[in-house]
Amino acid sequence: MALFLQINLSRMENIIYKSEVYEIVGLCMEVHRVLGHGFLEIVYKDALEIEFLDNHVSYEREKEFQINYKGHRLARSFHSDFFVMEKIILEIKSTKEGLSNEYVTQTLNYLKASGCKLGIIINFGKSSLEYKRLIF
């Protein structure tokens with residue numbers, strides 16, 4: 001039992017951007033606590049932007065990332081909802097259906113194209129905040 005606990009604790013210490021994710025999700029929880037669920041995504045993005053500013057969290061909203069294919073820059077790019085702390089892709093959803101595989105795939109593609117290691121998908125659309133932490 002002690003060996004199992006030690007292995008799990010060492011894994012927890014190696015979680016990428018653990019404190020950063022904790023802070024971001026905490027701010028999202030505050031937005032959800034105040035606004036509840038049922039608004040459009042844009043409302044939550046606007047509120048979250050206020051939380052980022054008030055808490056001195058660096059971010060870029062609608063950050064554009066170029067997509068490369070075999071050494072060629074494609075004409076199309078993508079815009080992440082937020083690029084937080086210059087290393088985390090944050091995607092915001094507001095759906096009563098929850099976080100689907102489609103959203104996971106979208107965010108993983110964003111990670112691949114951007115070169116970022118970590119993405120978070122947040123869903124404000126249910127009575128309890130949902131989130132997924134994705135590593136690429």
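In what order do the elements of the protein run from the N terminus on? In this predicted model, the order is α-α-α-β-β-β-α-β-β. Along its principal axes, the C-alpha trace spans about 55 × 40 × 30 Å.

The mean pLDDT of the protein is 90, and 90% of the residues reach 70 or more. Confidence is highest in helix 3, at a mean of 98, and lowest in helix 1 (residues 2-13), at 48. Over residues 1-10 the pLDDT is below 50, and this stretch has zero contacts in the model beyond near neighbours in sequence. Where pLDDT is low, the predicted coordinates should not be read in detail.

Of the 136 residues of the protein, 35% count as buried. The accessible surface comes to about 8600 Å², and carbon and sulfur atoms account for 54% of this area. Among contacts between residues at least 6 apart in sequence, 56% join residues at least 24 apart. The protein carries 17 positive and 18 negative charges, whose mean positions are 8 Å apart.

In soluble globular proteins, nonpolar side chains tend to be buried together. In the present model, the largest nonpolar core has 22 residues, and those with the most contacts inside it are Leu48, Val84, Leu90 and Ile122. At least two residues of this core are supplied by each of helix 2 (18-35), helix 3 (41-54), strand 2 (72-84), strand 3 (88-93) and strand 4 (118-123). Helix 2 provides the largest share, six residues. A second, separate core consists of eleven residues, including Phe65, Leu111, Cys116 and Ile121.

With residues up to four places away in sequence not counted, Ile122 touches Val25, Cys28, Leu90, Glu91, Ile92, Lys93, Leu99, Leu129, Glu130 and Tyr131. Among these partners, Leu90 is, like Ile122, one of the residues with the most contacts inside the largest core.

Leu40 lies in the loop between helix 2 and helix 3. Is this residue, Leu40, buried or exposed? The relative accessible area of Leu40 is 65%, and the residue therefore counts as exposed, the cut-off being over 50%. The C-alpha atom of Leu40 is separated by 6.2 Å from that of Ser94, although the two residues are 54 apart along the chain.

Note on methods: Residues numbered from 1 in each chain as written. Predicted model: local features only at pLDDT ≥ 70, side-chain atom pairs only at ≥ 80, totals over all residues. Heavy atoms only, no water. Helix = DSSP H or I, 4+ residues; strand = E, 2+ residues; numbered from the N terminus. Buried < 20%, exposed > 50% of the residue type's maximum accessible area, 1.4 Å probe, protein only. Contact = heavy atoms within 4.5 Å. Areas by Shrake-Rupley, 256 points an atom, 1.4 Å probe, with all protein chains shown as cover. Lys, Arg positive; Asp, Glu negative; His and termini not counted. Charge placed at Lys NZ, Arg CZ, Asp CG, Glu CD. Core = buried A, V, L, I, M, F, W, Y, C linked by side-chain atoms within 4.5 Å. pLDDT = per-residue confidence, 0-100.
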